[in-house]
Amino acid sequence: MKNTEFPHRIDMQVNGYAGVDFNSEELSFESYINAMKALYCDGVAIALPTLITNSVEFITQRLALLETYRKRTIEEGISEVCHADYYHLEGPFISPNEGYRGAHPAEFVREMTLVGIQSALDAWLPASGERVKIVTFCGRGAAENVDKQTAIRYLAQCGIHPSLGHTDVTAEDVTAATDSGADLATHLGNACAQLLPRHKNPIWPILAEKRLWISAIADGFHLPAEMLQVFRAVKKDKMILVSDATQFTGLTPGTYHTHIGGDVVLTEAGKLHMSGQPNVLAGAACGLDVGEENANRFGLGTPEGCRALVSENAKKFLGI
C-alpha cells in the first residue's frame with residue numbers, strides 16, 4: 001500500500017529507514033534527508049525518530065544532531081519529506097531481564113529514579129528543542145516504590161508521554177504507573193519473555209487498564225493476526241499501529257552488523273532477528289504502509305478504521 005495520495009500516516013516509532021540508522025554516530029544530513037524522503041514516499045507524514053537504550057550522553061548527542069537536521073530541513077525549504085516533529089526515547093529505563101530487554105544493549109540499561117530522570121531530561125530537553133514526546137520505561141516495582149511513581153509523574157509534568165514497554169510489570173504496577181501519569185504501552189505483546197505465565201503476565205493488566213493507549217507492530221512477524229484482533233477488540237480507538245522500522249527497511253536479505261555490537265539477519269521473508277537467535281526480533285524491516293495493509297488483511301476494521309490506526313488515533317494521542 002504505497003503512497004498514492006498525500007501522506008497521511010503518523011509513525012510513533014521509527015529507529016531508522018532505507019539504510020539510515022537514527023542511532024548511528026555516522027548519521028549525516030544527506031542520509032537523514034534520504035530517510036525522510038523514503039518515509040514520505042511510503043505515505044508517512046510525521047515520524048518520531050526513536051533512540052534506543054544508550055548512555056544519557058550519547059542520547060543527548062543524537063537528539064541534538066536530529067534537531068539540527070530537522071531545523072535545517074525547514075530552513076532549506078526541502079519539500080516532499082516526512083516531518084520529524086517529535087522524538088521517542090525507547091530506554092534506557094527498561095527491564096534488564098533477558099527477553100524483556102530485547103535487543104537493547106544491557107550495559108546501558110538503567111533503573112528509573114526521580115533524580116535519574118530529572119538529570120537526563122535536563123540534558124535531553126534542551127538538546128531536542130523540548131521535542132521529546134514519548135519515553136518508554138519499565139515501571140516494574142512502581143506499586144511499592146514512591147520514587148518511581150514520582151519519576152513517572154515528573155515525565156508527565158514535562159509534557160512527555162510515559163509509556164510502559166520492555167517491561168515485566170505486575171497488575172499492581174500497571175495501576176500505580178497509570179495513576180502516576182503513564183498513558184501508553186509501547187509495542188504491546190513484544191519485548192517480553194518467550195514463555196509467560198498464562199495468568200500473571202504484563203499483557204493482561206495493560207489490556208485491562210482502560211486509561212492506557214497501546215501501540216502494536218503489524219508487520220506480520222512481531223504479532224500473530226489473532227493477537228492484533230484481540231488488541232483491537234479490547235482497546236478499540238486507543239490502539240495505534242507503529243512500524244518499529246530500522247535501517248534495514250528496504251534492504252536486501254542478508255546478515256548485517258549493527259552499531260550496538262551485534263549481528264542481525266534479514267530473511268527472504270522480511271523478518272529481522274538477532275543472529276543465532278531467530279526468536280529475538282531486532283525491530284522491523286518494513287514501513288507503516290505494510291502495517292496498514294496487514295490491518296486490512298487481518299480484519300482489524302473497515303478501510304477507514306484501519307487508516308485511523310496509522311493516522312487519526314496517533315494524531316489524537318499526540319495532540320496534533
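A: In this predicted model, the axes of helix H2 (residues 56-75) and helix H3 (residues 114-127) come within 8 Å and cross at roughly 15°.

Q: What makes H2 roughly parallel to H3?
A: The crossing angle is roughly 15°, and angles under 35 degrees count as roughly parallel. Therefore H2 is roughly parallel to H3. The crossing of H2 past H3 is right-handed.

Q: Which residues of H2 and H3 meet?
A: From H2 they are Val56, Ile59, Thr60, Leu63, Ala64 and Glu67, and from H3 they are Ala120, Ala123, Trp124 and Ala127. By class, the contact of H2 with H3 has eight nonpolar residues, one polar and one charged.

Q: Why is H4 called oblique to H5?
A: The axes of helix H4 (residues 146-157) and helix H5 (residues 171-180) come within 8 Å and cross at roughly 40°. Roughly parallel needs an angle under 35 degrees and roughly perpendicular needs 65 to 115, so an angle between those ranges counts as oblique. That makes H4 oblique to H5. H4 passes H5 in a right-handed crossing.

Q: What makes the contact between H4 and H5?
A: Gln149, Ile152 and Arg153 of H4 make it with Ala176, Ala177 and Ser180 of H5. By class there are three nonpolar, two polar and one charged residues in the contact of H4 with H5.

Q: How do you know that Arg72 lies over the face of Phe29?
A: Arg72 is at 3.8 Å from the ring centre of Phe29. A charge sits over a ring if it is within 6 Å of the ring centre and within 35 degrees of the ring normal. Arg72 is listed as lying over the face of Phe29. Lys133 likewise lies over the face of Tyr86, at 4.8 Å from the ring centre.

Q: Which residues form one aromatic cluster with Phe29?
A: Phe22, Tyr32 and Tyr69 form it together with Phe29. The structure holds six aromatic pairs, and rings pair if their centres lie within 6.5 Å.

Q: What makes the bond between Gly91 and Pro92 stand apart?
A: Gly91 and Pro92 are joined by a cis peptide bond, with omega about 10°. Most peptide bonds are trans. Pro92 lies in the loop between strand S5 (87-90) and H3.

Q: Why is the phi of Glu80 worth noting?
A: Glu80 has a positive phi of about 55°, and Glu80 is not a glycine. Most residues other than glycine have a negative phi. Glu80 is placed in the loop between H2 and S5.

Terms used
Residues are numbered from 1 along each chain as its sequence is written. This is a predicted model: local features need pLDDT of at least 70, side-chain atom pairs count only at pLDDT 80 or more; totals for chains, interfaces and linings use all residues. Side-chain values use heavy atoms; hydrogens and water are left out. Rings of Phe, Tyr and Trp (its six-membered ring) pair if their centres lie within 6.5 Å; planes under 30 degrees apart count as stacked, over 60 as edge-to-face and the rest as tilted. Axes are lines fitted to C-alpha atoms, for helices over the stretch in contact, and angles run from 0 to 180 degrees between N-to-C directions. Helices (H or I, at least four residues) and strands (E, at least two) are DSSP runs, numbered from the N terminus. Angles under 35 degrees count as roughly parallel, over 145 as roughly antiparallel, 65 to 115 as roughly perpendicular and the rest as oblique. A crossing is left-handed if the near helix is turned anticlockwise from the far one by less than a right angle, and right-handed if clockwise. Contact means heavy atoms within 4.5 Å. Ala, Val, Leu, Ile, Met, Phe, Trp, Tyr, Cys and Pro count as nonpolar, Asp, Glu, Lys and Arg as charged, and the others, Gly among them, as polar.
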